[in-house]
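Here are some notes for a colleague who has not looked at this structure before. Please read them with the model open.

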Amino acid sequence: MKNVVYSINGPVVTVKDTKDFSMLEMVYVGEKHLIGEVIRINDKFTTIQVYEVTTGLKPGEPVYKTDAPICATLGPGILSNIFDGIERPLRKICELSGAFIDPGSNVPSLDDDRKFDVTMTVRVGDKLSGGDIYATCPETPVILHKCMLSPTLSGKVTYVAPNGSYNITAVVAKIVQDDGTEVELTLCQKWPIRTPRPVVKRKPISIPLITGQRVIDTLFPIAKGGSAAVPGGFGAGKTMTQHQIAKWCDADIIVYIGCGERGNEMTQVLDEFSELIDPKTGNKMTDRTALIANTSNMPVAAREASIYTGITLAEYYRDMGYHVAVMADSTSRWAEALREISGRLEEMPAEEGFPAYLPSRLSEFYERAGYMVNLNNTEGSVTIIGAVSPQGADFSEPVTQNTKRFVRTFWALDKSLAYARHYPAINWNDSYSEYIDDLMPYYNETIGPEFLQCRQRIANLLQEESSLMEIVKLIGADVLPDHQKLIMETSKAIRLGLLQQNAFHKDDTYVPLIKQLKMMQITLHLNDKTSALIKSGVALSEVVDLGLFDIIAGMKYDIPNDDLAAFDRIYKNIDDTLAKFTATLNK
C-alpha cells in the first residue's frame, strides 16, 4: 500500500494507517521530496516533522521511506563552508536557485567534484577498528583532515589506493569485517545527528579556553570541554561577544551555528571571518571555521535540527584530536521552534508554553561538550557557548533557568552596560564560573599562583563596590570614609582599565594572560600604596588629583602586547610620583 499525506499542519504532516515507518527515520515528503523526520507513531497515524517549507503540499502526495535516521555527511570540505540546518551547502544552492532555497533542493552536503591530495596511512593486512585513521588530506592550509573508520565498523584491510588526488566519493580502501562483509571506504562517512559519537572516556576538565577577553579569562573562565551560557536582552551584545570569542579563542576549529537569528548577522560573520587574518596561523579565519545558518526566515523546524547538525560536525573534528568551540546563537530561538512544533502536535504545554521536555533537550545538547579520549587514542574537546535571548532580559524565564542547570559558566549580559558602551557587557555581579578550582593547577604552573590570588582580590573589590553603591544611591558618596572611597576609585579603574575592552583597538582586542596578570598587579599595587597613605592621614582626593588612577584606566591602550616592559615604567611612575608627594607633605 502506498504511503500518502493525510493531513498538513504547517511543518507537521501525518500519514494514516501505516506501520512502515520507524521512530526518527528520515523520509521524503511529497512530489518535491521534502526532507522530514518521523517524530510520533501510533496505531493510526505517523507524524512527520518537515524541515522545509510545506507551501503547495497537498493531501494524497506520496511519502517515501529511507530506512535511516537524519545523518550528517562528514568529510573534507566542511571547513570554509556554510550550510543550512540540515547540512545543505548554501553557496551551491545559491548558484542553482538564487537567494532563496527551492523546496526539495537535493544538493550533496559536500562537493563531489573537489579533489584532495590524499596520503594513505594504512597497508593491506592491517586491522582497523572504529575511529582508526586510514587516510589524511590537507582540508585547508591550516587543518589536516583525518579520515577515520566509522565507529560502527571494524575489519582487515584488503585494498589500499595509492597516494594521490581523489574526490570524497572515491574508494581509497576496502576492509573485510569479521562476518565476511566487504566495506568500501571513501573520504567521507555519515553519522546520525541525534546520536553522540562514541569515545573511550571523558577526561577531567583541566585546561582553560583562552579567549583574550579579560573579563572572561580573568574573572569567569571557561574550560576546554566546558559549556557556557551568554544570556542577554535585545542589544546587550550576545552576538558580538560570541564573535569576539570565535575570532580570538585558542580552539583549533570554530563551528558557528546561527539558529533563528537575523540574516544580516550571519552575513556579518561571513564578511568578517573572510577578511580577518587568524592570529594563530596567519591565514584567513574561514580556514578553520564551519558555519550553519538557519536564519529567522528559514523553516522553523530546521532550527531544531541545526543545533544537532552543528554539534555532530564538532564531534567529528574532536575525534581527529582537535579542540573545537561551538557558538550556538541562539538556543532561545531553538527552544521557540520546539514550542511551535509542540503546539502543532497539541502537546500539553509547560511553563510559558514551552514543552515539558525542554530541560531534557537542553541537557542532551550541552552534555555533548567535554574533553575526551577518542577511539583512536587522540585527545580532543568540544566547548559549547550558547547564547540565550530571554524576552525583556528576564533571566527567570524557562530557557535561561534550565540552561543554568546544565552549564558551569554564566556570562550575564547587562543592557545598561551595553548602552553605556561598556563591552563586553558582562555584568560582574550576576556572572559566575564554576571552573576556577578545576583550572587552578594550570594557572599555577603556567602563569604562577599570583594570577588567582590577584583575581580573588579584584573580585572582592568589585563585590565591595556593589555593596557600597547601595549606600551611595541612598545618601551619596560624600559620607563614605576615605578607605571606602578608595574601594570605589580602584573599582572604577578596574571597570575602565580591566573589564572594558575595545574590539577595534589592535592591542586591546586580544590580551594574553600574562598581560592580564600584570594589569591586575599594577592596579592592586596602586590600591595598596594609596591605602597606606590614607592610613597615614593623607586625603584620598589629594592622591586622586595626581592622575595615577587615570593612568591605570588607560594602560590597556598605552602598553602594547609585545612590550610588557612598559609596566615597569608605570610602576616607576607610580612610586616616584607618590614618593615626591609624600616628601612634599612631610615638608
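**Notes on the predicted model**

1. α12 and α13 are roughly antiparallel to each other, because an angle over 145 degrees counts as such. The model is a predicted one. The axes of helix α12 (residues 482-499) and α13 cross at roughly 160° and come within 10 Å. The crossing in which α12 passes α13 is right-handed.

2. On the α12 side, this contact is made by D482, H483, L486, T490, I494, G497 and L498. The α13 side brings Q516, M519, M520, T523, N527, T530, S531 and I534. Sorted by class, the contact of α12 with α13 has eight polar, six nonpolar and one charged residues.

3. Helix α13 (residues 513-535) also packs with helix α11 (residues 450-475), at an angle of about 55° and with the axes 10 Å apart. That angle makes α11 oblique to α13. Here α11 passes α13 in a left-handed crossing.

4. Which residues of α11 meet α13? They are E450, F451, C454, R455, R457, I458 and L461. Their partners in α13 are L513, Q516, L517, M520, Q521, L524, N527 and D528. The residues of the contact of α11 with α13 comprise eight nonpolar, three polar and four charged.

5. Q516, M520 and N527 of α13 deserve a look in both contacts: they are listed among the residues that meet α11, and again among those that meet α12.

6. The largest pocket has a volume of about 610 Å³. It is lined by 23 residues, of which L90, A99, I101, T295 and M298 are the closest to its centre. Two helices, α1 (90-97) and α4 (263-275), each supply at least two residues of this lining. By class, the lining has 14 nonpolar, five polar and four charged residues.

7. Where are the cis peptide bonds to check? One joins D329 and S330, with omega about 5°. S330 lies in the loop between β22 (323-329) and α6 (331-344). Another cis peptide bond runs from Y423 to P424, with omega near -10°. P424 sits in the loop between α9 (415-419) and β26 (432-433).

8. D17 is a residue other than glycine with a positive phi, near 55°. D17 is found in the loop between β2 (12-16) and β3 (25-29).

Notes: Residues are numbered from 1 along each chain as its sequence is written. This is a predicted model: local features need pLDDT of at least 70, side-chain atom pairs count only at pLDDT 80 or more; totals for chains, interfaces and linings use all residues. Side-chain values use heavy atoms; hydrogens and water are left out. Axes are lines fitted to C-alpha atoms, for helices over the stretch in contact, and angles run from 0 to 180 degrees between N-to-C directions. Helices (H or I, at least four residues) and strands (E, at least two) are DSSP runs, numbered from the N terminus. Angles under 35 degrees count as roughly parallel, over 145 as roughly antiparallel, 65 to 115 as roughly perpendicular and the rest as oblique. A crossing is left-handed if the near helix is turned anticlockwise from the far one by less than a right angle, and right-handed if clockwise. Contact means heavy atoms within 4.5 Å. Ala, Val, Leu, Ile, Met, Phe, Trp, Tyr, Cys and Pro count as nonpolar, Asp, Glu, Lys and Arg as charged, and the others, Gly among them, as polar. On a 1 Å grid over the protein atoms alone, a cavity is a set of points where a 1.4 Å probe fits but cannot get out, and a pocket is an open set with protein on both sides within 12 Å along at least five of seven lines; lining residues have an atom within 4 Å of a point. Grid points are joined across faces, edges and corners, and a volume is the space filled by probe spheres set on the points.
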